[in-house]
Each structure stands twice: as structure tokens, then as C-alpha cells.
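Let's take a walk through this structure together, one neighbourhood at a time. Have a look around before reading on.

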Amino acid sequence: MNNAFDNHAKTAWCPGCGNFGILDALKEALEQLALSPRQVVLVSGIGQAAKIPHYLNSNVFNGLHGRSLPVAFAVKSVNPGLTVIAESGDGCMYGEGGNHLLHAIRRNPDITVLVHDNQVYGLTKGQASPTSEDGFVTKTQPQGSLSKAFNPMSFAISQNTGFVARGFSGDKEGLIKILREAILWKGLSLVDILQPCVTFNTVNTFGWYKKRVYTLDGHYDSTNRIGAFEKSLEWGERIPLGVIYRHEHPTFQDKIRDTFGVDNLVYQGRDSHLVLANEWSRFR
């Protein structure tokens with residue numbers, strides 16, 4: 001069966017790459033939500049993960065390393081009717097783009113943030129990334145990484161992010177369910193997706209994850225912030241998948257509407273030519 005988001009482009013990923021599972025799950029989730037390609041904008045930075053928009057039939061902005069969130073925020077601010085998804089790898093989103101993630105959480109725009117977390121920089125041949133374990137050995141860190149691993153789940157919950165979830169590229173059906181919820185969430189949703197790198201990370205493989213991951217069941221209360229924070233600390237022998245935390249609060253668009261009485265940040269006054277003339281005079 002054809003998927004409206006499939007553009008049949010040839011991929012540049014290694015055979016067996018975890019990105020394939022994420023691409024398939026995202027296409028399926030968008031299709032199940034009955035969205036059309038023209039309603040969706042995918043924004044990414046740089047990296048193997050950031051190539052996903054190239055392989056989807058939708059609107060695309062592929063920008064600078066770590067800069068996907070400001071663009072996604074701008075797109076949603078001027079055209080709130082679009083479904084906006086920012087996606088990139090753990091290096092791009094938590095490393096170069098870490099400051100943007102922090103402030104996006106503060107503003108709470110209605111966008112979905114997908115992070116392909118393979119704990120390594122794949123495009124640049126295997127340096128330790130923000131989520132690499134302390135002691136992770138690479139070609140450029142032969143004695144092992146000297147930095148502690150960044151915990152995106154704990155960080156996001158500590159900042160009271162509206163929707164915080166973790167998926168696994170080896171669990172397609174579970175990931176589709178999470179992606180659908182994340183895209184429908186009103187406000188910023190962060191989905192950290194465990195994604196093995198078959199070339200540069202020989203530790204955190206599909207087999208390594210499959211022995212450890214488990215899905216949160218219906219008894220888990222994702223609205224309990226303290227419980228969610230405790231759950232976010234589980235790593236090692238047991239790794240939880242699913243929606244770890246959810247918390248509804250006003251979005252940036254809600255505040256724009258309440259403050260200015262408009263739905264977007266595009267200036268719509270009749271005297272727009274006077275505004276442009278004034279701006280022009282400032283720079284002549």
C-alpha cells in the first residue's frame with residue numbers, strides 16, 4: 001500500500017542502520033493521522049539523522065548544525081496551521097543545539113522534537129556525543145570519553161516540558177504509537193528515540209537494547225512529575241519506553257493570542273507599508 005509521505009528516494013545510510021526504523025515509523029504515524037504532505041513541515045540540522053526529511057514527501061527545511069529548533073519555532077509562529085516537526089541526532093539536538101532546546105522548552109511552541117539517539121556522531125565518523133557513556137571508546141577518544149552522559153529525559157522533566165517520551169527504532173509499532181501522541185500533543189513534545197549505529201557504536205546494539213528495554217504499562221502515571229523523574233533515571237539493565245511525562249500548559253501560540261489577539265506573528269495591519277517604510281529609513 002502506498003504511503004503519501006514516501007518519496008522513494010535512495011537513502012545514504014548503512015545497511016541495518018537504526019534510522020530506517022524511525023523513517024518507517026514516522027511515515028506510518030503521519031499516514032495514520034490522516035495528514036497530507038502539504039500540511040507537514042520537517043526541519044532538521046546536520047547529520048545522518050538529519051537526512052530523514054530528504055526521504056519524506058513533505059515540506060522540508062534542512063539547515064545548519066544544531067539550528068533546527070529556531071526555524072521550526074519560526075515556521076509554527078507565522079503559520080500555526082502546519083504540523084511542524086524538528087528532528088535530528090543527539091549531537092545536533094543536545095550538543096550544538098542544546099541552548100535552543102532549553103529555550104524552546106521555556107516557550108512551549110506547538111512543535112514535535114524527535115531526537116535520533118545513537119550515542120555517537122555518525123556523520124563525522126564516530127566521536128563521542130552528549131549521550132555517550134562515560135568511558136565510551138572512539139577513534140578520537142581512545143582512552144574513553146571523560147564526560148558524563150547527558151540524560152535528556154531527566155533534563156526535560158526538570159524543565160517541566162509538556163510531553164516527554166522515549167522510543168526505540170527496533171520497536172516499530174510502539175514507536176508509531178508514541179509519535180502519533182507526540183504530534184497530536186498541544187505544545188512542545190520531545191521524543192528521544194534509541195537508535196543503534198551499526199558502524200560507530202558497537203556497544204549499544206539492537207541486541208543490547210532488546211535485552212533491556214520495556215514498555216511502560218497502563219498502571220504508570222505519566223502525570224506524576226516526581227515519579228516521572230525517578231523513571232527517567234532508569235538506565236542500564238532496565239530502560240523504559242513510552243510517555244514518561246506529560247503536563248498540559250499554555251503554548252507560545254496561546255500566549256500570542258491572549259496577548260495580541262492574533263493567531264500568528266505576521267503583521268496584518270492596513271498600514272504595513274508605513275512599518276516597512278520606517279524600517280527602510282533605519283537602514284538607509
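Glu87 touches Leu42, Val43, Ser44, Gly45, Ala49, Ala50, Ile52, Pro53, Met93, Leu114 and His116, leaving aside residues up to four places away in sequence; a contact here means heavy atoms within 4.5 Å. This is a predicted model, in which local features need pLDDT of at least 70 and side-chain atom pairs count only at pLDDT 80 or more, while totals for chains, interfaces and linings use all residues. Residues are numbered from 1 along each chain as its sequence is written, and side-chain values use heavy atoms, with hydrogens and water left out.

You'll find Glu87 in strand β3, residues 83–89 (helices, H or I, of at least four residues and strands, E, of at least two are DSSP runs, numbered from the N terminus). Glu87 is buried, with a relative accessible area of 0%; buried means under 20%, exposed over 50% and partly exposed in between, using a 1.4 Å probe and protein chains only. The side chains of Glu87 and His116 are joined by a polar contact of 2.7 Å, that is, a pair of N or O atoms within 3.5 Å where, within protein, one must be able to donate a hydrogen and the other to accept it, and residues adjacent in sequence count only if both atoms are side-chain atoms.

Next, head over to helix α8, residues 225–232, where Ala228, Lys231 and Ser232 are buried. They cover an arc of only 100° around the axis, which puts them on the same side of α8; the arc is that of the directions from the helix axis to the C-beta atoms. Ile226 and Glu230, on the other side of α8, are exposed. What do the buried residues of α8 pack against? They meet α5 (152–158), β9 (213–215) and β10 (239–246).

Now for the rings: the structure holds 10 aromatic pairs. Rings of Phe, Tyr and Trp (its six-membered ring) pair if their centres lie within 6.5 Å, and planes under 30 degrees apart count as stacked, over 60 as edge-to-face and the rest as tilted. Phe73 and Phe252 make an edge-to-face pair, 4.9 Å centre to centre with 70° between the planes. Phe73 lies in helix α2 (residues 68–78) and Phe252 in helix α9 (residues 252–260), so the pair ties together parts that are 179 residues apart in sequence. Both Phe73 and Phe252 are buried. The charged end of Arg107 sits over the ring of Phe73, 5.3 Å from its centre; for this, NZ of Lys or CZ of Arg must be within 6 Å of the ring centre and within 35 degrees of the ring normal.
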